[in-house]
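Me: I would like to go through a structure with you, taking the sheet, the helices and the aromatic residues in turn. Here it is.

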Amino acid sequence: MLRLLGLSCTICAFGYSAPSIKIQGSTTVNPVVSEATDSFRDKGWKITVDTQGGSSGGLSALGDGLITIAMSSRPINEKDRAKYPKIDFQATTIGYDGVAM
């Protein structure tokens, strides 16, 4: 039994492939996402974070299938949904930004 368990664990270890994730978008969201991805990178995940194109660029890249996650500091609007009708955009709020004077 232990030998079989050891064999199955060995197969799992060799069959495991670290996830690869591409993230792009908002410069204001980038610091939070970059810090959060560090713990996943420590586990061997391949994560690329890029701020090219800002929020709209990130949403477009997601709609075009070029990235896995879009960072956006603005809500997803009807124009985004109309441009990519096959994409089921799912927003997750990670915080709010603001300006104080």
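Reply: What follows is a set of questions and answers on this model, which is a predicted one.

Me: Let us begin with the sheet. What is the strand order, and is the pairing parallel or antiparallel?

Reply: Three strands form an open sheet in the order β2-β1-β3, and the pairing is parallel. On average, neighbouring strands are turned by 15 degrees against each other, direction ignored.

Me: How many bridges join β1 and β3?

Reply: Three bridges, in the parallel sense. In β3, Ile-69 is the bridge partner of Ile-23, and Ile-23 itself lies in strand β1.

Me: Stay with Ile-23. Is it buried or exposed?

Reply: Ile-23 is buried, as its relative accessible area is 7%, and the cut-off for buried is under 20%.

Me: Which residues does Ile-23 touch, leaving out those up to four places away in sequence?

Reply: Its contacts are Val-33, Thr-37, Ile-47, Thr-48, Val-49, Asp-50, Ile-69 and Met-71. As for distance, Ile-23 and Ala-70 are 47 residues apart in sequence, while their C-alpha atoms are 5.7 Å apart in space.

Me: Turning to the helices, which elements of the sheet does α2 touch?

Reply: Helix α2 packs on the sheet and touches β1, β2 and β3. The direction of α2 makes about 170 degrees with that of β2.

Me: Which residues of α2 are buried?

Reply: They are Asn-30, Val-33 and Thr-37. Viewed down the axis of α2, these buried residues fall within an arc of 65 degrees, so they line one face of the helix. They pack against β1 (20-25), β2 (46-50) and β3 (69-71).

Me: And which residues are exposed on the other side of α2?

Reply: Pro-31 and Glu-35 are exposed there.

Me: What span should α2 have, and what does the model give?

Reply: Helix α2 has 12 residues, 30-41, and at 1.5 Å a residue it should span 16 Å.

Me: Now α3. Why is it described as largely enclosed?

Reply: Helix α3 covers residues 54-63, and eight of its 10 residues are buried, so the rest of the structure largely encloses it.

Me: Which ones are buried, and what covers them?

Reply: The buried residues of α3 are Gly-54, Ser-55, Gly-57, Gly-58, Leu-59, Ala-61, Leu-62 and Gly-63. Their cover includes β1, β3 and α4 (78-83).

Me: What is the phi of Gly-65, which follows α3?

Reply: The phi of Gly-65 is positive, near 80 degrees.

Me: A change of topic: how many aromatic pairs does a search of the whole structure find?

Reply: The search finds two. Phe-40 and Trp-45 form a tilted pair, 4.8 Å centre to centre, with 50 degrees between the planes. Tyr-84 and Phe-89 form an edge-to-face pair, 6.5 Å centre to centre, with 75 degrees between the planes.

Me: How exposed are Phe-40 and Trp-45?

Reply: Phe-40 is partly exposed, with a relative accessible area of 36%. Trp-45 also counts as partly exposed, at 26% relative accessibility.

Me: Are Tyr-84 and Phe-89 buried or exposed?

Reply: Tyr-84 and Phe-89 are both buried.

Technical notes: Residues are numbered from 1 along each chain as its sequence is written. This is a predicted model: local features need pLDDT of at least 70, side-chain atom pairs count only at pLDDT 80 or more; totals for chains, interfaces and linings use all residues. Side-chain values use heavy atoms; hydrogens and water are left out. Helices (H or I, at least four residues) and strands (E, at least two) are DSSP runs, numbered from the N terminus. The expected span of a helix is 1.5 Å times one less than its number of residues. Buried means under 20% relative accessible area, exposed over 50%, partly exposed in between (1.4 Å probe, protein chains only). The arc is that of the directions from the helix axis to the C-beta atoms. Contact means heavy atoms within 4.5 Å. Two strands pair if DSSP finds at least two bridges between them. Axes are lines fitted to C-alpha atoms, for helices over the stretch in contact, and angles run from 0 to 180 degrees between N-to-C directions. Rings of Phe, Tyr and Trp (its six-membered ring) pair if their centres lie within 6.5 Å; planes under 30 degrees apart count as stacked, over 60 as edge-to-face and the rest as tilted.
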